[in-house]
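Subject: Handing over a structure

Dear colleague,

I am passing on to you the sequence and structure shown below, and after them I set out what was found. Please look through the structure first and then read on.

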Amino acid sequence: MHVTRCQIFTRGIANRCPNCGDKTLFKEGSLFELNSECPACGLKIERDEGFFLGSMSLNYGVTVICFLVPVLILYLVGVLSSLIAAVLAGIGAIGVPILFYRASRSWWLMSYYFWLPKHLPANLGILKPSEDENI
Ligand SMILES: [Zn+2]
């Protein structure tokens with residue numbers, strides 16, 4: 001089995017395991033709790049301590065760029081009053097990271113394997129020792 005970058009990307013967008021494609025990133029019945037490893041293929045999802053700090057940065061960036069900056073711009077051009085802009089910014093600062101939490105985790109894991117696809121167990125199995133020397 002060989003997993004391509006295109007498959008890694010589509011699986012990451014769909015919150016699926018980058019190795020096998022199953023919906024196993026998060027524990028069944030839980031909205032926010034990640035599995036430490038994929039129950040279907042055994043891929044280690046919780047890689048190292050601090051691995052998912054990048055997903056928090058991604059989540060923060062999406063919140064600021066996609067929500068808080070537009071609210072600020074609408075306030076500055078006079079479309080929103082200061083009260084409405086402050087309420088929207090407060091709701092967005094709390095709500096957007098919660099709504100984007102699962103996607104940010106999945107996208108961060110996707111970005112790791114997108115740039116290092118040979119680290120996926122499914123891709124490690126197809127390499128012969130002689131091919132490893134050329135990498
Ligand atoms: Zn898997």
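Among contacts in the protein chain between residues at least 6 apart in sequence, what percentage join residues at least 24 apart? The share is 52%, and like every value in this message it was computed from a predicted model.

To begin with the overall picture, the secondary structure of the protein chain amounts to 5 helices and 0 strands, so that the pattern read along the sequence is α-α-α-α-α. The radius of gyration of the protein chain is 19 Å, whereas a compact globule of 135 residues would have one near 14 Å. The C-alpha trace spans about 65 × 35 × 25 Å along its principal axes, and 19% of the 135 residues count as buried.

The largest nonpolar core is made up of 12 residues, among them Val-3, Ile-8, Cys-17, Trp-107, Met-110 and Leu-120. Helix α3, which covers residues 82–115, supplies the largest share of this core with 4 residues. If residues up to four places away in sequence are left aside, Met-110 touches Ile-8, Phe-9, Arg-11, Gly-12 and Pro-18.

Helix α1 is the next element to look at, and it runs over residues 5–13, with Ile-8, Arg-11 and Gly-12 buried. Because these buried residues fall within an arc of 100° when seen down the axis of α1, they line one face of the helix. That buried side of α1 packs against α3, while the face turned away from it carries the exposed residues Cys-6 and Ile-13. After α1 comes Asn-15, whose phi is positive, near 60°.

Helix α2, at residues 53–76, has 24 residues and reaches 32 Å from its first C-alpha to its last, which is close to the 34 Å expected at 1.5 Å a residue. The buried residues in α2 are Ser-55, Asn-59, Thr-63 and Val-71, and what covers them includes α3. α2 is followed by Gly-78, whose phi is also positive, in this case near 90°.

With best wishes

Terms used: Residues numbered from 1 in each chain as written. Predicted model: local features only at pLDDT ≥ 70, side-chain atom pairs only at ≥ 80, totals over all residues. Core = buried A, V, L, I, M, F, W, Y, C linked by C-beta atoms within 7 Å. Buried ≥ 20, exposed ≤ 12 C-beta atoms within 10 Å, placed from the backbone. Helix = DSSP H or I, 4+ residues; strand = E, 2+ residues; numbered from the N terminus. Contact = placed C-beta atoms within 7 Å. Rg over C-alpha atoms; globule rule 2.2 N^0.38 Å. Expected span 1.5 Å × (residues − 1). Arc of directions from axis to C-beta.
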